[in-house]
Amino acid sequence: MLDCELIIFDCDGVLVDTEPVTNRLLAETLTELGWPVTTEESIERFKGRDLHVIRAEAEAVVGRALPGLLDDYRARMFAAFESEPIAVIDGAHELLDVLDGAGTHARCVASNGPQNKMQASLASAGMLGRFDHEGEARIYSAYDIEVWKPEPDLFLHAAKRMGCAPKDTVVVEDSSSGVVAANRAGMRVIGLAGLTPAESLVEAGATHVISSMHELVRAVGG
Ligand SMILES: [Mg+2]
């Protein structure tokens, strides 16, 4: 599964367990603005997607512009990251440990979220330093290039910065949107099933589907 030079990790749902809290807050925000949405509906409908597209959908539903939606939601999110420690996805630290030991794969993070969200959630989970390389944080945001998954640009940007060809890159993703983006980038993609069911990740084009990061730990030989 990991016969590659570079592994690109999605952030939310792959490294840090942010989706339950962020979708609860997004659902609360949308509900207050006039679109009643539950946390479960938010996960099913919005996980891994571009917030700008979500805002456009919300504006269509409520029939008016929602210029404050993103700022309102993000303010709640950062407050939550400070007050509720973010959990690490089970097996993620162990996988990074065996990758460190093997010394065979370069790695980085690529997410639709802004840099400050990734930094805050990875720091809250005690993971931020694991993507430093000689003083450089190997963390790439769609906001850096202003193109979001499911477009392939972010993964291509990350691989280029890492000096690896798409064919030598494997992406680990937990959302259909991210799986589609990796496929479009010409990369193999491992789907981590959980909040998004395995069959949806297969349908989106995942090369392999796993139900736990521990399966990757074993694949590296840990
Ligand atoms: Mg994700």
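The model is predicted: local features require a pLDDT of at least 70 and side-chain atom pairs count only at pLDDT 80 or more, whereas totals for chains, interfaces and linings use all residues. Residues are numbered from 1 along each chain as its sequence is written.

The secondary structure of the protein chain comprises eleven helices and eight strands, where helices (H or I, at least four residues) and strands (E, at least two) are DSSP runs numbered from the N terminus. The radius of gyration, taken over C-alpha atoms, is 17 Å, in agreement with the value near 17 Å for a compact globule of 222 residues; the globule rule is 2.2 Å times the number of residues to the power 0.38. Along the principal axes, the C-alpha atoms fill a box of roughly 50 × 35 × 30 Å. Of the 222 residues, 41% are buried, a residue being buried if 20 or more other C-beta atoms lie within 10 Å of its own, exposed if 12 or fewer, and partly exposed in between, with C-beta atoms placed from the backbone.

An open sheet of six strands has the order 5-2-1-6-7-8 with parallel pairing; two strands pair if DSSP finds at least two bridges between them. Strand 5 (139–141) and strand 8 (208–210) stand at the edges with a single partner strand each, so one side of each lacks a neighbour in the sheet. Within the sheet, strand 1 (residues 6–9) runs parallel to strand 2 (residues 106–111) and is joined to it by four bridges. The bridge partner of F9 in strand 2 is V109.

Strand 7 (residues 188–192) contains L192. This residue counts as buried because it has 29 C-beta neighbours inside 10 Å. Leaving aside residues up to four places away in sequence, L192 touches V14, V172, E173, D174, I210 and M213, contact meaning that the C-beta atoms, placed from the backbone, lie within 7 Å. The C-alpha atoms of L192 and I145, 47 residues apart along the chain, are separated by 25 Å.

Helix 2 (residues 39–46) has S42, I43 and F46 as its buried residues. Viewed down the helix axis, these residues fall within an arc of 105 degrees, so they line one face of helix 2; the arc is that of the directions from the helix axis to the C-beta atoms. Their cover includes helix 1 (19–32) and helix 3 (51–62). After helix 2 comes G48, with a positive phi near 80 degrees.

Note on methods: Contact = placed C-beta atoms within 7 Å.
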